[in-house]
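Please read them alongside the sequence and the coordinates.

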Amino acid sequence: MGHLVLVTGSSSGIGLATAIACAAAGHRVIATMRRPEKAGALLAAAGARGVTLEIEQLDVAAASAPDRIREILQKHGPAYALVNNAGIAVGGAFEEQADGDVRAQFETNVFGLMAVTRAVLPAMRGAGRGRIVNVSSISGLVGLPGVSAYAATKHAVEGFSEALRWEVAPFGVHVCLVEPGTFKTEIFYENQRRGAHVSLDGPYGAMTRAIEQIVLKDAAKAPPPAPVAAAILRLIDDPSPPFRTLVGRDARALVALRRVIPDRLFATGIRRLVSAPRSR
């Protein structure tokens, strides 16, 4: 019998793929999502793989999230693994994002992740074992233009995870980070969001157009998120998991370049990339 695995943000993308991969590996999966009425794709994928899982409503950014987690765990039992996947990204230059845009990203990507983590830790600590997998991003390692607030949230997740790792290790709880590059998920399509004040004719318009063309081009040829789900599954099953796992050729290449190329040259490349003339 596998472990009980709780996955947040399971209605699409990495969360959906992770829930299916864990269930197919024999784990008991609680797939949570803010809107359970959007579970159709997950249920279809589960049917296609011949697996079952439990679906529960959870808005990680809600003040009631910790109580909701406790209700879920009382119903299904203590979780061995938590996959903190729920997240949002709002595109656009920082100056063109409203306070609400920035706060929404922090409420979901950082404070929601923290609240859910705090809610599961007592049982993990009491059991003397557990696995917390935080889904970060390449944006947690390299800040790029057009996603400054999102990058700030993922840098926060990186720092939080590294410190939490040492706090809970004496209790047999492992904290791991997964840092994906670009994969084909709804964050680039149905779930794409722009800052409230983003204007393609404004002072950042040329940069925004260039970035959006690059992102959509990369997303169109990106693979589905199965490799990310596979990496998360390995972290859950590995008795001694690594702390950081980069997933995707683009992620590994960008991190390698950032480490070996002098900052001035790296900055020059980024400026050229986002300022190159492109057709509208």
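1. Just after α2, G50 has a positive phi of about 70 degrees. The model is predicted, so local features need pLDDT of at least 70 and side-chain atom pairs count only at pLDDT 80 or more, while totals for chains, interfaces and linings use all residues. Residues are numbered from 1 along each chain as its sequence is written, and side-chain values use heavy atoms, with hydrogens and water left out.

2. Helix α2 spans residues 40-49, and its buried residues are L42, A45 and A46. These residues cover an arc of only 100 degrees around the axis, which puts them on the same side of α2; the arc is that of the directions from the helix axis to the C-beta atoms. On the other side of α2, A44, G47 and A48 are exposed. Buried means under 20% relative accessible area, exposed over 50% and partly exposed in between, with a 1.4 Å probe and protein chains only. Helices (H or I, at least four residues) and strands (E, at least two) are DSSP runs, numbered from the N terminus.

3. The cover over the buried residues of α2 includes α1 (13-24), β2 (28-33) and β3 (54-57). Contact here means heavy atoms within 4.5 Å.

4. The axes of α1 and α7 (residues 226-237) come within 8 Å and cross at roughly 50 degrees. That makes α1 oblique to α7: angles under 35 degrees count as roughly parallel, over 145 as roughly antiparallel, 65 to 115 as roughly perpendicular and the rest as oblique. Axes are lines fitted to C-alpha atoms, for helices over the stretch in contact, and angles run from 0 to 180 degrees between N-to-C directions. I14, A17, T18, A21 and C22 of α1 make the contact with V228, A229, I232, L233 and I236 of α7. By class, these residues are nine nonpolar, one polar and no charged. Ala, Val, Leu, Ile, Met, Phe, Trp, Tyr, Cys and Pro count as nonpolar, Asp, Glu, Lys and Arg as charged, and the others, Gly among them, as polar.

5. Helices α4 (residues 99-127) and α5 (residues 148-168) have axes that come within 8 Å and cross at roughly 15 degrees. That makes α4 roughly parallel to α5. The contact of α4 with α5 has 14 nonpolar, four polar and no charged residues.

6. A123 is found in helix α4. With 34% relative accessibility, A123 counts as partly exposed. Its C-alpha atom is separated by 49 Å from that of G205, 82 residues apart along the chain.
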